[in-house]
Amino acid sequence: MSNNDKASQQLQDHSASKGNVQASNLCKAISWLGHPCYLNEGDSDVLTSSEGAPIESLTNLLTIGPRGPALFQNTTYLDNQAHFNRERIPERVAHAKGAGASGYLEITNDITQYCKAKIFEKVGKRTPVTARFSTVAGEKGSADTERDAHGFALKFYTEEGNWDLAGITSPVFLVRDAILFPSLIHAVKRNPATHLKDPNMYWDFMTLNRQTTHALMMIYTNRGTPDGYRHTNGYGAHAFKMLDAHNNAVYCKFHFKTNQGVQNLSAQRAKELTGMDPDYAIRDLYNAIAEKNYPSWNMYIQVMTLEQAQTFQFNPFDVTKIWPHAEYPLIPVGRLVLNRNPSNYFAEVEQIGFSPASLVPGIAPSPDKVLQGRLFAYGDTQRHRLGANFSQIPVNCPFNAIVSNYQRDGPMNVTKNDGGDPNYYPNSFNGPTVDVKRASSDVFYVAGDVNYYKAEDEDNFTQAGNFWRNVLTATEKNNLVENLVDSLKMTQQFIQERAVQNFTMVDTEFGNLLQHGLMVARINANRPPPSYHP
């Protein structure tokens, strides 16, 4: 960390650029809403109240005499303090700490044979995008370099509406059923009594749910401590459905491969940075863009036909598993470039809200049980966190599309609220109507008995074993075992034994190495400290 980097010099650079039209605020730069309150923000050097009236002092209360009591009519104080009391919005329950930037997706390859979405309609087309990278378990003040799963979320502002791809930096997730998500997040957060991170909670949940094995192995390699967000890949993780111009469907997965090269931190270096620069990843991304070293990723898809899905050796909608590239190769799509830092972190990063339910014609959900749960959960949490009209916030606004519906009113509605247009449907007074040709027509047949089907034992170890034997190098295997030992050694022995049993199911060598490492850790923990000889 340097005091001479671009992030540390932001205030000086901003002051020097005042009056430069190109350096003006977010809403003025891209005119998302065009509301005069946004356009006039920050253009005057005169200090005002929130209502725009000039104020006399922001350093002294209005008092009776120099030592006398303050007056309740000191409206400047009341206005300022009342707003300060309400500055914080609810923190995200997961993905609380993050970094963001904006840029574009440029299409480099034709995939219209698979998808009719206008974002892919021609080679060379550019679509604006805002990205948010995050840790999962940490709070807003946590360190970027703590071992964790990581978010890789993208909001594409298409002319057919916003498309949100709320992905992660791993091709697999920890659980395959959405009903487990609240317990998963509770387990990786803090003990409800001690308010401390609790390794027993964490590993008790993980080892009781063997479906977490594949993802855990990725998190506990050095992939779990990436060297900033620029040096990691991104994945939609879920299977989605694509529809072509004739509404013929295929399943797909989305991949983003970093052009900066994958780089990870060792466990030791990650711990050092946690103390030295807990905002390391945010700083790294900001500085790279400020120095015009714009990070980029190549976008790919994997495609699986509906017939192939019927005969796939695993459940193709199980987000704890990959689609092997040898069978379903990566198909190039485009290039994602991030070339603009947020002008204000709260406005563009804290207030951005993603939902996998934000889809556009040509892209539809698959039966993935976690995705199905997220279709509700993410939009619901944004309405709680940001309000019912969160899509009117500039960074969430579908500014490339025309929004026309029958949603009205609600807190903080800052549009014209559709004026005098009818607020019911159907109607005879020129209100908007459905357009079947433009909308997706995802017609499919479903049949089966309604039941609570157990999915926790759907082969948790085959792909994890392949990852151990065929993907990891000897060094990476050693790092994985050491990182697991470093975490598991703080748990009760019965949890350690359960973990060893689970990882032995992955590969006997893996289980033996982990068991040996934990045994050595127990011996060292019971060893008395060396004598002191002056």
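This is a predicted model: local features need pLDDT of at least 70, side-chain atom pairs count only at pLDDT 80 or more; totals for chains, interfaces and linings use all residues.
**Cavities**

I took a cavity to be a set of points, on a 1 Å grid over the protein atoms alone, where a 1.4 Å probe fits but cannot get out; lining residues have an atom within 4 Å of a point. Grid points are joined across faces, edges and corners, and a volume is the space filled by probe spheres set on the points.

Residues are numbered from 1 along each chain as its sequence is written, and side-chain values use heavy atoms, with hydrogens and water left out.

I counted four cavities of 30 Å³ or more. The largest cavity holds about 40 Å³ of space. I listed its lining as Arg176, Gln211, His214, Thr320, Lys321, Asp459, Asn460, Phe461, Gln463 and Ala464. For classes I counted Ala, Val, Leu, Ile, Met, Phe, Trp, Tyr, Cys and Pro as nonpolar, Asp, Glu, Lys and Arg as charged, and the others, Gly among them, as polar. On that scheme the lining of the largest cavity has two nonpolar, five polar and three charged residues.

Helices (H or I, at least four residues) and strands (E, at least two) are DSSP runs, numbered from the N terminus. I called two strands paired if DSSP finds at least two bridges between them.

I started at strand 9 (residues 331-340), which pairs with strand 1 (residues 98-107) in the antiparallel sense over six bridges. In this pair Glu106 stands opposite Arg335. Strand 8 (residues 296-304) also runs antiparallel to strand 9, joined to it by six bridges. Here Ser296 stands opposite Val337.

Nine bridges join strands 1 and 2, which run antiparallel, and Ser102 is opposite Thr130. Strand 2 is in turn antiparallel to strand 3 (residues 150-158), with seven bridges; Ser134 faces Gly151 there. For burial I used relative accessible area: buried is under 20%, exposed over 50%, partly exposed in between (1.4 Å probe, protein chains only).

**Val337**

I looked at Val337 in strand 9. Why does valine 337 count as buried? Its relative accessible area is 5%. Contact means heavy atoms within 4.5 Å. Not counting residues up to four places away in sequence, Val337 touches Ser102, Gly103, Tyr104, Tyr294, Pro295 and Ser296. I also took a distance to Asp449, 112 residues apart from Val337 along the chain: the C-alpha atoms are separated by 46 Å.

Thr232 sits in the loop between helix 7 (213-219) and strand 5 (234-235). I count Thr232 as buried because its relative accessibility is 8%. Leaving aside neighbours within four places in sequence, Thr232 contacts Phe152, Thr169, Pro226, Thr258 and Trp297.

Thr381 is in helix 12 (residues 369-385). With 30% relative accessibility, Thr381 is partly exposed. Thr381 and Asn209 are 172 residues apart in sequence and 25 Å apart in space, C-alpha to C-alpha.

**Helices 5 and 6**

Axes are lines fitted to C-alpha atoms, for helices over the stretch in contact, and angles run from 0 to 180 degrees between N-to-C directions. Helix 5 (residues 181-188) packs on helix 6 (residues 199-208) at about 145°, the axes being 7 Å apart. Ser183, Leu184, His186, Ala187 and Val188 of helix 5 meet Met201, Tyr202, Phe205 and Met206 of helix 6. This contact has seven nonpolar, two polar and no charged residues.

**Backbone checks**

Most residues other than glycine have a negative phi, and most peptide bonds are trans, so I looked for exceptions.

His195, in the loop between helix 5 and helix 6, has a positive phi near 60°. At a relative accessible area of 55%, His195 is exposed. Ala237, in the loop between strand 5 and strand 6 (240-243), has a positive phi of about 70°. Is Ala237 buried or exposed? Ala237 is buried, at 5% relative accessibility.

A cis peptide bond joins Tyr425 and Pro426, with omega about 0°. Pro426 lies in the loop between helix 12 and helix 13 (462-471).

How values were computed:
On a 1 Å grid over the protein atoms alone, a cavity is a set of points where a 1.4 Å probe fits but cannot get out, and a pocket is an open set with protein on both sides within 12 Å along at least five of seven lines; lining residues have an atom within 4 Å of a point.
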